[in-house]
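Trainee: Could you take me through one part of this structure closely? I would like to hear about the nonpolar core and the aromatic rings.

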Amino acid sequence: MTKQTTLLYWYLPCEQDERRLQKVIDGLADTQGAPSFRPHLTLGASSDIEEPLRLGASMLKAVTLTPIEIDGNEVFTTSLFMRFGLNDALTQARMALQQQPSFRQGRAFDPHMSLCYGPPPKGAHAQEDVRALLSNPVRFDRLATVSVELPVNSYYGVRAWRVLNVISV
């Protein structure tokens, strides 16, 4: 499959929640021998650097999302993740982004935060620090534009991500 550079729009947790989540992501990455990455919820992809960010910023103020489960599958980018319940603000922002001509259609929107990429460490789903993430809601207050080569199917791809800008909402 041919690699294609695209822009992803990430919803970022507030600094306090980001630190808590980053510890878990870093611990899993260390165990895997994998690169770490910033905690994020992907809102979508686009070829336009500005409009989706402006639109997201106008629709998404600080939002708190409730984690509902730890899950995973065989796909590299969703091997271990925390799924969130939807709320109206997030649903409306995603729908507005999908209406943009530059929006890149992909898989169905499933609000989640990846905890690792690639095969997770044995027993990671049940690790105490991973399960503890379900105990606290996650507050989001920033949007980021990130340059990514799709598909992401290796650690090399994760290392190549570039955060282009971050704005507070």
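**The core and its aromatic rings**

Mentor: Happy to! Let's start with W161: apart from its neighbours within four places in sequence, W161 is in contact with W10, F37, H40, Y117, V146, S147, V148 and V152. Keep in mind that this is a predicted model. Some of those names return in one aromatic cluster, which is formed by W10, F37, F76, Y117, Y155 and W161.

Now for the wider setting. The largest nonpolar core has 44 residues, and Y11, L43 and W161 touch the most other members. At least two residues of this core come from each of β1, α1, β2, β3, β5, α3, β7 and β8.

Next, the ring pairs. The whole structure holds eight aromatic pairs. In one of them, the ring centres of Y11 and F140 are 5.0 Å apart and the planes meet at 20 degrees, so this pair counts as stacked. Because Y11 sits in strand β1 and F140 in strand β8, the pair ties together parts 129 residues apart in sequence. Both Y11 and F140 are buried.

Another pair is F37 with Y117: their ring centres lie 4.4 Å apart with the planes at 40 degrees, so this one is tilted.

Note on methods
Residues are numbered from 1 along each chain as its sequence is written. This is a predicted model: local features need pLDDT of at least 70, side-chain atom pairs count only at pLDDT 80 or more; totals for chains, interfaces and linings use all residues. Side-chain values use heavy atoms; hydrogens and water are left out. A nonpolar core is a set of buried Ala, Val, Leu, Ile, Met, Phe, Trp, Tyr and Cys residues joined through side-chain atoms within 4.5 Å. Buried means under 20% relative accessible area, exposed over 50%, partly exposed in between (1.4 Å probe, protein chains only). Helices (H or I, at least four residues) and strands (E, at least two) are DSSP runs, numbered from the N terminus. Contact means heavy atoms within 4.5 Å. Rings of Phe, Tyr and Trp (its six-membered ring) pair if their centres lie within 6.5 Å; planes under 30 degrees apart count as stacked, over 60 as edge-to-face and the rest as tilted.
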